[in-house]
Amino acid sequence: MDEKTGLLAGPDGIARCFWHGNLPDYLHYHDHEWGRPVDDDRRLFEKICLEGFQSGLSWLTILRKRENFREAFAGFDIDGIAAFTEQDVERLLGNAGIIRHRGKIVSTINNARRARELADEAGSLAAWFWKFEPAPDERPEIVDLAHLRANPTTAVSVRISKELKKRGWSFVGPTTVYAFMQAMGLVNDHLEGCVCREQVEAERKAFKRPK
């Protein structure tokens, strides 16, 4: 990695954000998912739940267990998870393919119920989250390594976190929320010089914001 730019050449010799470490599955996630705008409620709910599970761990750990999580949590169908019972909690605690943390499992079930309320109120989860998209004057002129290291949270992620907690969500701290925003395309935090930065900018420009 270039310590000044935060860029790392991939196996193809093309510069990208450093954090994928040229691990094939992580590289694919960087190139094809991270930062691409998402308006699908199930994917948004999945991501915010998995970011909660990631707390204290690496995202790569979660990414490599993502299919196990999907199988265990009904494909992250909001209504399906909202109907989970204590029996499901015990089933999940016995599932070696996921992170067996009772608090995070219970939180996911709770958050599904809160997500249903939020989607009913706003029309969709997507409509609610995307109304918080930062305005241009809330974004840095250049996204570089120094900026990312200095800003694990933002004023917007703090605001979203407070709103979610007020509505009864859990495991949605400002850092977790900002990681969610970065991954789901509410911001474009691909580093300046990364091959994906302009691609994501084009996708965000063409993206129809949900209302």
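The following exercises, each with a worked solution, concern the predicted model shown above.

Residues are numbered from 1 along each chain as its sequence is written, and side-chain values use heavy atoms, with hydrogens and water left out. Because the model is predicted, local features need pLDDT of at least 70 and side-chain atom pairs count only at pLDDT 80 or more, whereas totals for chains, interfaces and linings use all residues.

**Exercise 1. The annotated site**

Determine which residues UniProt lists for "binding site", and describe the surroundings of H30 and C194.

Step 1. The unreviewed UniProt entry lists C17, H30, H190 and C194 under "binding site"; its positions are given in the numbering used here, feature names are shortened, and annotations may be inferred rather than shown by experiment. These residues are spread over 178 residues of sequence, yet they cluster in space, with a largest C-alpha distance of 10.5 Å.

Step 2. H30 belongs to helix α1, residues 24–32, while C194 sits in the loop between α11 (174–184) and α12 (195–206).

Step 3. Classify their accessibility, with buried meaning under 20% relative accessible area, exposed over 50%, and partly exposed in between (1.4 Å probe, protein chains only). H30, at 0%, is buried, and C194 is buried as well, at 5%.

Step 4. List the contacts (heavy atoms within 4.5 Å), not counting residues up to four places away in sequence. On that basis H30 touches R16, C17, W19, H20, H190, C194 and C196, and C194 touches L7, A15, R16, C17 and H30.

**Exercise 2. The buried side of a helix**

Find which residues of helix α6 are buried, and state which helices they pack against.

Step 1. In α6, residues 86–93, the buried residues are D88, V89 and L92.

Step 2. They cover an arc of only 105° around the axis, and therefore lie on the same side of α6; the arc is that of the directions from the helix axis to the C-beta atoms. In general, an α-helix has 3.6 residues a turn, so residues three or four places apart point the same way.

Step 3. The packing partners of these buried residues are α4 (66–72) and α7 (102–122).

**Exercise 3. Salt bridges**

State how many salt bridges there are, and work through the pairs D31 with R16, E51 with K47, and R116 with D79.

Step 1. Counting each side-chain nitrogen of Lys or Arg within 4 Å of a carboxyl oxygen of Asp or Glu as a salt bridge, the count comes to 23.

Step 2. D31 pairs with R16, the closest N and O atoms being 2.9 Å apart. D31 lies in helix α1 and R16 in strand β2 (residues 15–17), so this pair ties together parts that are 15 residues apart in sequence; both residues are buried.

Step 3. E51 pairs with K47 at 2.8 Å between the closest N and O atoms, and both residues lie in helix α2 (residues 41–54), four residues apart, about one turn of the helix. E51 is buried at 4% relative accessibility, and K47 is buried at 4%.

Step 4. R116 and D79 meet at 2.8 Å, N to O. Because R116 lies in helix α7 and D79 in helix α5 (residues 78–82), the pair ties together parts that are 37 residues apart in sequence. R116 is partly exposed at 28%, and D79 is partly exposed at 43%.

Step 5. Salt bridges that share partners also join E121, E163, K166 and R167 into one network.

Key:
Helices (H or I, at least four residues) and strands (E, at least two) are DSSP runs, numbered from the N terminus. Contact means heavy atoms within 4.5 Å.
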